[in-house]
Amino acid sequence: MQPVRAADIPDFGDVSQQGLSTQQEREIGENAMRQIRRGGTMMDDPEIVSYLNQMGHRLTDAAEVSDQQFTFFPLLDTNVNAFAMPGGFIGVHTGLIVQAQHESEVASVLAHEIAHVSQRHIARLIDGTKSGMWLSLGSIALALLAAQAGHGDAAMAAVAAGTGLAVQKQLDFTYSFEQEADRIGMQTLKKAGYDPNAMVTFFERLQKHNRLYENNAPDFLRTHPVTYKRMSDAQARSNEFKFKPIPDSLEFLFIREKSRALQMGGREGVPYYTNMIAEKRFANETAQRYGLAYSHYLLRQYDLAWAAMQEAKTSLNKGKSGKSHPMLEFLAGSIKIGQGQFAQAEQIFQEATLQFPASRALVYGLIDAQIAGNNLAAAQANINDALELYPSDAWLYQRMAKMYAQKGDLMRQYQAQGEYYVRLQEYAPAFEQFDLALKQPGNDFYLLSSIEARIRQLRELQNSPTK
Ligand SMILES: [Zn+2]
């Protein structure tokens with residue numbers, strides 16, 4: 001475990017002896033999320049975020065854990081890893097997506113982490129210490145921060161250690177929790193329509209990789225030692241499932257290349273994809289061409305990005321025309337914004353949002369194109385429409401702030417920026433923004449009093465003991 005400085009540990013007060021309440025779990029998770037966000041590796045890429053949440057919620061629906069809230073978030077990190085925190089927050093490293101050969105392999109790890117949450121493993125560890133043991137929530141935070149530092153499920157072991165359990169007891173605890181997460185995870189995987197064998201094949205491949213590069217073992221393996229017993233347990237269960245292979249979604253293939261391109265950066269990505277395409281080393285040509293286009297985009301080589309994106313479209317349609325994909329359209333519109341062709345970008349996004357209404361990324365793109373093109377009234381209307389659907393979306397408020405800034409409406413700009421921070425649960429900067437809003441010249445009495453009322457409401461919320 002990496003040492004964590006005391007100053008880094010958020011102050012949660014003390015936890016009672018009878019274990020964590022659901023509310024306490026949520027608060028610990030939210031605190032840890034703030035720490036991770038401040039750490040800078042959390043990604044706000046709207047396509048990767050929504051992909052993980054779609055996959056995650058398909059699994060939680062299958063696991064029938066509707067009473068529990070789940071949030072899935074990506075971290076730009078090459079380690080093959082994922083981790084669960086109390087409150088249903090599940091972090092997924094891009095390395096896990098990049099190293100997976102099939103979509104079901106990513107799903108198998110998510111299903112395992114979902115089981116840690118649904119079985120309340122961390123809370124149960126604390127329940128197990130009732131025998132006069134007194135524990136501060138700070139040691140749980142410490143465990144979570146260690147997890148964030150790339151140690152994955154080490155959180156589980158650290159909590160056990162923090163409770164002062166004897167070493168053998170700790171090992172028994174974590175081993176039985178891992179077995180339970182594997183067992184329940186595999187059932188969930190099958191119910192959700194993924195390949196239940198994926199967990200075994202993925203672990204086997206990681207283990208082989210592990211033997212080849214011993215000092216470079218993926219974190220998920222280090223924190224999930226694949227003992228022969230665990231492997232054979234998993235194998236025995238998966239033999240019960242006679243399943244035909246499940247094809248990967250095109251979205252997974254795109255998301256994997258986007259993650260890889262982001263990990264590599266454009267400088268490495270362009271030659272990598274150029275070689276892969278030249279040597280025809282691909283299972284899916286369209287995804288490789290998308291990876292090349294996106295790598296050019298990262299380097300702001302917009303003309304090259306556009307050409308590669310068009311070739312991706314051609315390969316998607318295999319000569320025929322008409323079909324597209326929301327991620328190709330998002331890239332196309334983003335390239336046009338990069339080129340300064342805002343009206344064309346707006347048109348691409350406008351048409352794509354009609355064709356693919358489920359894509360939130362396309363809505364962001366449309367608003368960005370409208371703000372960039374100074375079409376502020378249209379941007380405002382779209383932001384308001386989107387907020388009806390997604391009222392807790394911080395990124396819409398961020399765009400609203402930008403839109404008002406461009407309009408020169410400072411009071412509403414600071415108000416929107418404040419609402420953005422509220423949605424990230426960063427209350428100190430939120431109050432700063434609201435105070436700035438109140439200090440702006442203007443005599444819109446209605447607006448002023450609504451901001452004052454919002455400040456009062458948030459202060460009351462913060463001061464109430466139960467929240
Ligand atoms: Zn685990």
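I checked the length of helix 13 (residues 266-278) first: at 1.5 Å a residue its 13 residues should span 18 Å, and the end C-alpha atoms are 18 Å apart, which agrees. The expected span is 1.5 Å times one less than the number of residues. Helices are DSSP runs of H or I, at least four residues, numbered from the N terminus.

The model is predicted; local features need pLDDT of at least 70, side-chain atom pairs count only at pLDDT 80 or more, and totals for chains, interfaces and linings use all residues. Residues are numbered from 1 along each chain as its sequence is written.

Next I looked up burial in helix 13. I found Gly269, Val270 and Tyr273 buried (20 or more other C-beta atoms within 10 Å of the residue's own, C-beta atoms being placed from the backbone; exposed is 12 or fewer). These residues cover an arc of only 100° around the axis, so they sit on the same side of helix 13. The arc is taken from the directions from the helix axis to the C-beta atoms. On the other side, I noted Arg267, Asn275 and Ala278 as exposed.

I then asked what covers the buried residues of helix 13. The cover includes helix 12 (250-264) and helix 14 (285-298).

Helix 12 and helix 14 pack at about 35°, with axes 9 Å apart; axes are lines fitted to C-alpha atoms over the stretch in contact, and angles run from 0 to 180 degrees between N-to-C directions. I counted the residues of their contact as 7 nonpolar, 3 polar and 3 charged. Nonpolar means Ala, Val, Leu, Ile, Met, Phe, Trp, Tyr, Cys and Pro, charged means Asp, Glu, Lys and Arg, and the others, Gly among them, are polar.

Methods. Helices (H or I, at least four residues) and strands (E, at least two) are DSSP runs, numbered from the N terminus. Two residues are in contact if their C-beta atoms, placed from the backbone, lie within 7 Å.
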